[in-house]
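Work through the exercises below with the sequence and the model open beside you. Try each task before reading its solution.

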Amino acid sequence: MSDAPALVELRGISKSYGGVHALKDVSFAIRKASVHALVGENGAGKSTIVKTLTGVIHADEGQIVIDGEAASIPDPPAAYRLGILAMYQEPTVFQDLTVAENVFAGRHPRTRAGTVDWSTIRRRAKQLLGELGADFGPDRPVRGLGVADRQLLEIAKALSSEARLLIMDEPTAALSPPEVERLFDIVRGLKERGVSIVFISHRLEEVEAISDTVTILRDGTHVATRPTAGLPRSEMVQLMVGRSLDQLFPKEEAEIGDVVLRAEGLGRRGVFADVSFEIRRGEIVGLAGFVGAGRTEVARALFGIDRLDAGKVSIDGRGFRPRSPRKALRRGLAYLPEDRLTQGLIQPLSISTNTSLAVLPELTPLGFLRPRAERALARRFMEQLRIRAFGPSQVVRSLSGGNQQKVVLSKWLAAEPRILILDEPTHGVDVGTKADVHRTISHLAAQGLSILLISSELPEILGMSDRVLVMREGRLVAEIGRADATQERVVAAAAGIAEAA
Amino acid sequence: MTAGMLTGRMRVSTDTIFRLRELGIFAALMFCLLFFGVKANNFLTVTNWQDIGTDVAIVAAVAVGETMVVLTRNIDLSVGSIIGLTAYISSNTLQHHHHASLVVIALLAMGVGLLCGLGNGILVALGRIPAIIATLATLAIYRGILFEITNGQNVLASNLPQNFLNLSSRNFAGIPSLAWMAIVVAAFGAALLRWVPWARDFYAIGSNPDAARFTGIPVARRLVAAFMLSGLLAGLGGFMFAARFAGVDATSANGYEFLIVTAVVIGGVNVFGGSGTVLGAMLGAVLVATINDGFTLMRFSQFWQEFFQGAAIVVAVTVDAIMFRKLQDVLRRRRRPELANVGGRR
Amino acid sequence: MRLVGRLLLRWEALLVVLIFAAGVWSTTLSPFFLHRANLLDLTTPYAYLGIMAFGLTFVVVAGEIDISVASTMTVSAVSFAQLWHAGVNVWLASLVGLLIAAGLGLVNGVLIAILNLPSLAVTLGTLAAYRGLAYVILGGNARSGFPTSFTNIGGGYIHNELPYALLVLIGTAIVLGVVLHSTRFGRYLYTIGANREASRFSGVPDTRVRVSIFVLSGLTAGVAGIVYLGYFGSVQADAASGSELITVVTAVVLGGVDIFGGAGTMVGVFLALILVAELRNGMQLANVGGAAQDIVVGGLLLGAILAGNVVRAAQERGLPWWRARRPQKEVEKTESHAQISVNPGSETTQGGFTR
């Protein structure tokens with residue numbers, strides 16, 4: 001209802017990380033007792049907004065206005081006190097406590113004597129659970145509850161603490177259809193109680209079904225805030241995606257050879273299933289899809305970090321069992337994790353140490369370190385990738401974000417892999433560095449490397465890939481050749497809707 | 001197989017695992033009683049059990065305090081030194097003030113223990129020193145302080161007032177008075193953990209320290225409280241120790257911390273924090289004492305006892321960790337139920 | 001010099017300064033302090049502790065803890081003593097002792113690295129279990145009277161002045177130092193200690209390495225046992241059951257090895273050992289009792305860690321030190337929730353705080 005008063009208003013919120021804008025001048029209002037969807041591609045800025053609202057980070061500019069008054073949210077407990085609560089895909093609960101205790105953790109209702117009022121706790125918890133249609137009781141231990149049930153628990157928790165704004169970040173990602181329905185009933189019930197809900201989801205059909213208003217973000221800026229009723233999904237997609245494509249860099253022509261890696265029927269219990277694809281020499285295969293689609297999980301399983309429950313992999317025609325990263329490296333497979341700075345780098349150590357880490361066995365045939373060789377190796381890549389630092393002995397922590405990314409890339413390139421899996425290689429990287437990275441990737445393919453490019457940036461995927469694979473909810477749903485790939489088509493496949501014209 | 005059926009089946013298994021721990025100790029205890037009752041002379045006599053009762057009482061009382069700390073995912077290794085220190089302070093004061101009220105002395109011991117615990121708490125909560133290192137250091141420091149104040153002397157039983165010495169030999173309704181003290185302490189401890197709101201927070205903190213902070217629980221303050229409780233009860237344990245052993249010197253209660261930690265760990269208080277009960281710790285203390293006593297009566301080498309204690313800690317930790325891991329595995333399968341049946345390949 | 005470079009350099013320099021200061025203090029207490037014989041003999045009573053500290057350094061750098069080292073040493077020494085007492089050749093017996101020590105370390109390694117149990121709890125258990133084992137092996141007996149060729153290692157002197165123990169100490173420091181700083185294996189320790197996940201992603205065989213560090217720690221405890229036997233000339237099952245453990249840990253932490261892993265040098269630990277030896281020696285000269293000495297060492301340990309926390313906070317640009325966090329744990333949940341972990345808050349911890 002567009003004339004209902006605003007509960008929370010964002011005015012001119014901007015936030016950047018080391019020169020990269022996560023949010024730029026975002027303004028919109030969330031009405032009381034409404035379901036407000038927040039929609040956008042990965043990296044559009046949704047999670048940054050959530051973090052700002054919950055006090056995890058502070059905006060560089062702008063204001064948050066609650067109930068008409070400017071509010072300051074210095075930390076999560078403050079947000080909690082203001083009635084703002086966020087629920088993530090993996091609800092954080094106290095596994096060892098009972099359901100009822102989880103609901104009231106830290107805020108136990110007391111008897112007149114000041115002791116814990118267990119009967120009230122149990123009664124109120126039971127009541128809340130009943131209202132939410134839970135099929136478990138307040139006395140059972142939380143450990144062992146499924147995700148859907150833990151979500152209910154978090155909602156019960158929110159209700160008991162009289163939250164006014166509940167942010168749900170991809171709540172339906174791990175739910176089955178009946179559980180989704182149940183969640184929607186609860187959401188409608190919450191709305192009736194006067195609670196506002198921010199609903200973040202990639203499933204546009206759900207957005208259509210449950211929300212009153214939709215805010216669309218793109219590249220950190222606010223595109224539109226409109227009532228859901230007048231906004232068909234195809235238009236949503238266009239607003240999410242529409243941007244000029246002149247950021248693309250022409251891809252170097254590469255000769256595409258034989259199949260280097262073949263994956264058949266890959267599956268990991270509860271995460272992804274039936275994933276089959278091929279990668280050829282010199283090819284760049286893009287892997288697109290929304291958060292939770294399972295792309296990173298496939299990569300991790302291929303690289304031997306997580307276990308593969310089903311399927312076969314072969315490299316150069318020979319079978320390959322991904323048991324550990326070490327084995328994968330030896331077969332020429334390398335994986336650049338998305339969380340580069342923490343999973344890809346060892347911050348307190350130097351550039352040369354980080355660069356040589358994956359190839360240390362080759363670099364140290366007698367077991368003894370050869371610092372000069374390490375430094376030479378580091379210098380080679382510093383030049384090639386144009387890493388700006390005082391020297392190879394500089395500690396990685398003191399480098400800029402973009403340069404850190406480059407160091408990670410050097411580490412993997414040093415291993416001279418034949419198949420390189422890149423997981424969001426330019427996520428959080430500034431435009432200048434992006435160009436360098438793209439150029440390098442293209443060049444590598446031209447030299448005969450095979451690349452599996454996981455990315456949420458459509459221009460990147462479309463510009464770099466020879467073929468685009470699209471995953472959705474743990475399955476491979478589309479394979480689109482370079483000629484036929486358009487942004488709309490990819491997003492449509494990822495969202496599981498019929499294509500826009 | 002519908003998702004509902006899966007949930008149902010799993011619910012049963014996690015619930016039973018929960019109860020299994022305490023039942024397990026109890027079963028082990030019963031087994032020991034049977035085993036030693038048959039194999040060892042005089043095991044099932046009243047006198048034997050009165051002896052055990054007094055010794056267990058000290059360990060049990062202190063174990064209640066240690067439980068508080070372990071619940072928060074920490075550990076207090078300095079309890080042995082605190083016991084020694086407060087035991088000496090108790091007996092020494094009594095030595096010079098024969099008519100002092102025993103209650104006052106006990107309170108004095110607890111007060112000193114409380115201060116020691118405060119020190120531990122500040123180091124861990126504010127100093128952010130890992131508990132194992134901090135309490136290892138205070139173990140040495142408090143023991144050192146004890147050495148300094150004893151000055152090489154020890155308190156002789158002959159110098160102590162009779163009423164104090166009688167504490168350890170009196171029985172009420174067949175149960176030694178010190179055992180009654182331990183029972184009272186355990187009851188208080190259990191009540192505290194169940195009814196007092198800030199004590200309830202110990203479980204939350206141990207279960208998920210980050211979530212606890214997010215929920216607004218003042219973690220640092222609670223940790224200090226937990227360590228203070230541990231110190232307080234160690235102080236009481238020192239008082240009881242002095243009453244039991246009369247001759248107290250600077251090496252008293254050396255190594256006691258292991259008895260206590262073993263009791264707590266065997267008793268099902270998870271080293272990962274977040275779960276465990278005072279009852280469990282008590283059962284653990286009784287079990288440890290029973291096995292020790294049984295071995296002694298069977299003329300088994302005393303020397304196997306320490307080995308057993310250490311091995312028991314390792315076994316208990318392993319069992320708990322494996323259970324933890326199994327449960328996590330089960331949870332993973334729940335993430336996307338429609339993909340739950342992937343893979344014939346192991 | 002390497003790695004965290006400037007920071008550690010400052011720490012070792014500080015240690016050198018402290019060593020000089022302590023030396024000055026000791027000289028004021030007794031002019032004999034500066035005699036060559038005295039200086040050379042300074043570390044002899046603590047050589048066995050130093051050797052254990054060197055082995056423990058490997059474990060701590062890799063981000064773990066092993067408090068069973070003292071008990072391991074005792075088992076090793078006691079086994080040797082029993083074997084020799086039973087007539088076995090002294091060198092063979094000591095070899096067996098070393099193997100036993102390594103085996104005990106292997107037990108720790110398997111439990112911690114392969115079964116993934118927390119090193120705090122495991123080594124707490126093995127500390128007690130191994131202590132008990134020592135009693136089982138030796139009972140209440142004491143063994144002594146070992147051949148001089150053997151006891152010379154820990155207690156003998158060249159020209160009545162230069163203790164063999166010092167040579168063994170320096171030798172161990174050099175060998176282990178080389179392994180720690182100049183080998184691939186040593187490099188892996190630093191990377192695993194600083195960021196285990198990133199190391200695994202980069203192909204570091206972290207399980208194998210982590211098992212090895214405990215074996216190594218056990219083995220060095222065995223060597224320490226030999227020195228102990230040489231110096232004291234006898235052994236009982238309660239050997240090293242007092243403040244020895246804390247002295248070892250203090251030497252490591254005071255030496256600049258980050259208790260959370262990923263940083264530290266062998267030189268630092270060596271210097272710290274000298275400092276501790278000096279302080280104990282000085283306190284003895286000042287007639288300070290053993291107990292008070294323990295208090296000082298305990299205080300040093302705490303102070304060293306607190307100082308480490310302060311330094312880390314300074315690294316993070318002006319945060320108050322109780323807010324300091326380990327760098328890689330400052331991850332904010334990224335947009336694509338790449339966390340597969342089911343329990344975000346329940347990482348196992350090292351005896352206390354979620355790091």
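**Exercise 1. Which residue in S4(A) is the bridge partner of Arg11(A)?**

Step 1. In S4(A), Arg11(A) has Gln63(A) as its bridge partner. Before going on, note that this is a predicted model: local features need pLDDT of at least 70, side-chain atom pairs count only at pLDDT 80 or more, and totals for chains, interfaces and linings use all residues. Residues are numbered from 1 along each chain as its sequence is written, while chains are lettered from A and ligands numbered from 1 in the order in which they are written.

Step 2. Find the strands. Strand S1 (residues 6-17) and strand S4 (residues 61-66) of chain A pair in the antiparallel sense, over five bridges. Strands (E, at least two residues) and helices (H or I, at least four) are DSSP runs, numbered from the N terminus. Two strands pair if DSSP finds at least two bridges between them.

Step 3. Angles run from 0 to 180 degrees between N-to-C directions; axes are lines fitted to C-alpha atoms, for helices over the stretch in contact. Contact means that C-beta atoms, placed from the backbone, lie within 7 Å.

**Exercise 2. What is the strand order of the open sheet of four strands in chain A?**

Step 1. The order is S2-S1-S4-S5, with antiparallel pairing.

Step 2. The edge strands are S2 (20-31) and S5 (69-71) of chain A, each pairing on one side only.

Step 3. From one strand to the next, the twist averages 25°.

**Exercise 3. Describe the open sheet of six strands in chain A.**

Step 1. Read the order: S6-S7-S8-S3-S9-S10, with mixed pairing.

Step 2. Look at the edges. Strand S6 (84-87) and strand S10 (221-227) of chain A each have a single partner strand, so one side of each is left without a neighbour in the sheet.

Step 3. Neighbouring strands are turned by 20° against each other on average, direction ignored.

Step 4. Take one pair. S6(A) and strand S7 (residues 165-169) of chain A run parallel, joined by four bridges. Ala86(A) has Ile167(A) in S7(A) as its bridge partner.

**Exercise 4. How do helices H4 and H11 of chain C pack?**

Step 1. H4 (residues 69-85) and H11 (residues 206-232) of chain C pack at an angle of about 55°, with their axes 8 Å apart.

Step 2. That angle makes H4(C) oblique to H11(C). Under 35 degrees is roughly parallel, over 145 roughly antiparallel, 65 to 115 roughly perpendicular, and the rest oblique.

Step 3. List some residues. Met73(C) and Phe80(C) are among those of H4(C) that meet H11(C), whose residues include Ala221(C) and Tyr228(C).

Step 4. Ala, Val, Leu, Ile, Met, Phe, Trp, Tyr, Cys and Pro count as nonpolar; Asp, Glu, Lys and Arg as charged; the others, Gly among them, as polar.

**Exercise 5. How many residues of chain C are in contact with chain B?**

Step 1. The count is 50 residues of chain C, against 50 residues of chain B.

Step 2. H6(C) gives the most to this side of chain C, with 15 residues.

Step 3. The side of chain C that touches chain B divides into 30 nonpolar, 18 polar and two charged residues.

Notes: Contact = placed C-beta atoms within 7 Å.
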